[in-house]
Amino acid sequence: MSKKILVTGGSGYIGSHTVVELQQSGFEVVVIDNLSNSTARIIDQIGRITGKKPRFYEMDLCNEAALRVFFRENQDLAAIIHFAAFKAVSESVENPLKYYHNNLVSLIFLLRFMEGFQIPNLVFSSSCTVYGQPETLPVTEQAPVKQAFSPYGNTKQISEEIIEDSVKASPVNAISLRYFNPIGAHESGLIGELPIGIPNNLVPFITQTAIGKREKLMVFGDDYDTPDGTAIRDYIHVVDLAKAHVVAVERLLRNENEHNFEVFNLGTGKGTSVMEAILAFEKVTGMKLNYEITGRRMGDVPQVWADTTMANLKLGWKAQKGLEEMMTSAWLWEKNLAAGILES
Ligand code: NAD
Ligand code: UFG
């Protein structure tokens with residue numbers, strides 16, 4: 001049986017970590033990425049970690065003609081893991097069509113080619129953003145999908161609907177993975193997140209502040225109805241998340257899926273406040289972080305964390321790494337970036 005997997009967005013943050021885990025589990029990996037939010041140096045770094053560089057196609061998934069050529073050359077794919085998408089929430093509010101075009105057209109082309117070339121399995125990157133602020137916590141996969149706050153979030157909801165409808169009418173099987181908050185980096189310090197410009201997310205902002213690229217972290221609100229007043233999220237180590245993709249692919253390859261469209265939450269099942277995250281960073285680095293409490297950020301939900309029972313039972317997967325490991329690896333990566341690891 002073919003063990004060849006296409007990873008779209010494979011030079012990006014979560015994609016690159018997943019390529020490493022796939023290769024280390026014996027899969028052959030090919031990557032498509034247009035480098036709109038990453039660099040080809042990450043492909044070299046993957047090679048340094050695993051001893052094998054994945055075959056890399058620098059290509060835009062919205063280019064139908066180029067994709068056709070790719071699929072003609074790669075008809076033996078066993079599965080596709082589709083990470084490639086734009087993901088900046090605020091940019092999606094300013095430029096919604098850029099997001100709808102990139103995130104939806106790429107998906108539709110992929111699904112069409114999967115049908116045409118009989119590629120049977122798809123794993124899709126979704127997000128806990130589809131739940132908004134859930135009525136009950138921890139949030140299960142049965143919780144209703146709320147109206148999206150941003151065009152980005154809406155692309156995830158629409159993508160899930162497109163996949164669910166299209167697999168009903170085709171032999172393709174799909175798993176949608178709803179990530180909570182991925183943070184951290186590979187323990188080697190050779191790959192990690194590459195936020196372009198000013199980071200929106202908490203942990204890159206913490207590490208950039210600590211390294212001196214930013215003056216201080218703004219903590220968005222300490223008046224939430226939470227134990228310390230700051231907002232709560234379910235932070236998950238990116239390597240744990242990457243491993244979940246390997247087991248999701250294996251479930252599909254072994255035909256163990258119970259439906260042709262399945263959804264799993266991927267988190268630790270544990271909520272962490274912004275202040276707890278800062279304290280964990282200070283503990284593992286021995287540094288004092290410069291931060292200031294400021295007003296709430298528009299659109300932020302007060303608290304959300306995952307019920308991971310489904311992933312535990314059906315995928316046989318459970319997050320292993322704790323907050324301190326997440327912070328230690330994120331800090332090692334920030335220091336390596338500052339030392340020019342991607343430039344040498
Ligand atoms: P990322 O930006 O690091 O990686 C995405 C990659 O896709 C980039 O390398 C980019 O160059 C590529 N890409 C984008 N559009 C493309 C196109 N049209 N053709 C080819 N390549 C294209 O993002 P990430 O954090 O690794 O996220 C991966 C996926 O997970 C995305 O779908 C994202 O929406 C989803 N997700 C991320 C988070 C998070 O917090 N990072 C949370 C939930 C869901
Ligand atoms: N925060 C700060 N200061 C910052 C950045 C973040 O206090 O400078 C706080 C936020 O207010 C929030 C928490 O840190 O309470 C986490 O914020 P992130 O931006 O890191 O993560 P979000 O949960 O807001 O958003 C993330 C992704 C989105 C995705 C969402 C749900 O960035 O793309 O998870 O999956 F939609």
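Helices and strands here are DSSP runs, numbered from the N terminus; a helix has at least four residues and a strand at least two. The model is predicted.

**Exercise 1. The shell of ligand 1**

Find which elements each supply at least two residues of the shell around ligand 1, and which gives the most.

*Solution.* 
Step 1. Begin with the count. Ligand 1 is surrounded by 27 residues. D33, N37, S38, N102 and Y152 are the closest.
Step 2. Turn to the elements. At least two shell residues each come from α1 (13-24), β5 (121-127) and α6 (151-168).
Step 3. Pick the top contributor. That is β5, with 3 residues.
Step 4. Sort the shell by class. It holds 12 nonpolar, 11 polar and 4 charged residues.

**Exercise 2. Polar contacts of ligand 1**

Which backbone and side-chain atoms lie 2.7 Å or 2.8 Å from an oxygen atom of ligand 1?

*Solution.* 
Step 1. Recall the cut-off. A polar contact is a pair of N or O atoms within 3.5 Å.
Step 2. Look at the backbone. I14 places a backbone N or O atom 2.8 Å from a ligand 1 oxygen atom. F83 has a polar backbone atom 2.8 Å from an oxygen atom of ligand 1.
Step 3. Look at the side chains. In N37, a side-chain N or O atom is 2.7 Å from an oxygen atom of ligand 1.

**Exercise 3. The site of ligand 2**

*Solution.* 
Step 1. Find the contacts. D300 has a polar side-chain atom 2.5 Å from an oxygen atom of ligand 2. For R233, a polar side-chain atom lies 2.7 Å from an oxygen atom of the ligand. F220 uses its backbone: an N or O atom there is 2.9 Å from a ligand 2 oxygen atom.
Step 2. Ligand 2 on its own has 690 Å² of accessible area, of which the protein covers 87%.

**Exercise 4. Two helix pairs**

Classify the packing of α7 with α11, and of α1 with α8.

*Solution.* 
Step 1. Packed helices are described by the angle and the distance between their axes.
Step 2. Take α7 (residues 202-211) and α11 (residues 323-338). Their axes come within 10 Å and cross at roughly 55 degrees. The two helices are therefore oblique to each other. α7 passes α11 in a right-handed crossing.
Step 3. Take α1 and α8 (residues 238-253). They pack at about 60 degrees, with axes 8 Å apart. So α1 and α8 are oblique to each other. Their crossing is right-handed.

**Exercise 5. Backbone exceptions**

*Solution.* 
Step 1. Most residues other than glycine have a negative phi, and most peptide bonds are trans.
Step 2. Find the cis bond. It joins L137 and P138, with omega about -5 degrees. P138 sits in the loop between β5 and α6.
Step 3. Find the positive phi. Q118 is not a glycine, yet its phi is about 55 degrees. The loop between α5 (96-116) and β5 holds Q118.

Note on methods:
Residues are numbered from 1 along each chain as its sequence is written. Chains are lettered from A and ligands numbered from 1 in the order in which they are written. This is a predicted model: local features need pLDDT of at least 70, side-chain atom pairs count only at pLDDT 80 or more; totals for chains, interfaces and linings use all residues. Side-chain values use heavy atoms; hydrogens and water are left out. A residue is near a molecule or strand if one of its heavy atoms lies within 4 Å of it. A polar contact is a pair of N or O atoms within 3.5 Å; within protein, one must be able to donate a hydrogen and the other to accept it, and residues adjacent in sequence count only if both atoms are side-chain atoms. Ala, Val, Leu, Ile, Met, Phe, Trp, Tyr, Cys and Pro count as nonpolar, Asp, Glu, Lys and Arg as charged, and the others, Gly among them, as polar. Axes are lines fitted to C-alpha atoms, for helices over the stretch in contact, and angles run from 0 to 180 degrees between N-to-C directions. Angles under 35 degrees count as roughly parallel, over 145 as roughly antiparallel, 65 to 115 as roughly perpendicular and the rest as oblique. A crossing is left-handed if the near helix is turned anticlockwise from the far one by less than a right angle, and right-handed if clockwise. Accessible areas come from the Shrake-Rupley method with a 1.4 Å probe; for residues, only the protein chains shown count as cover.
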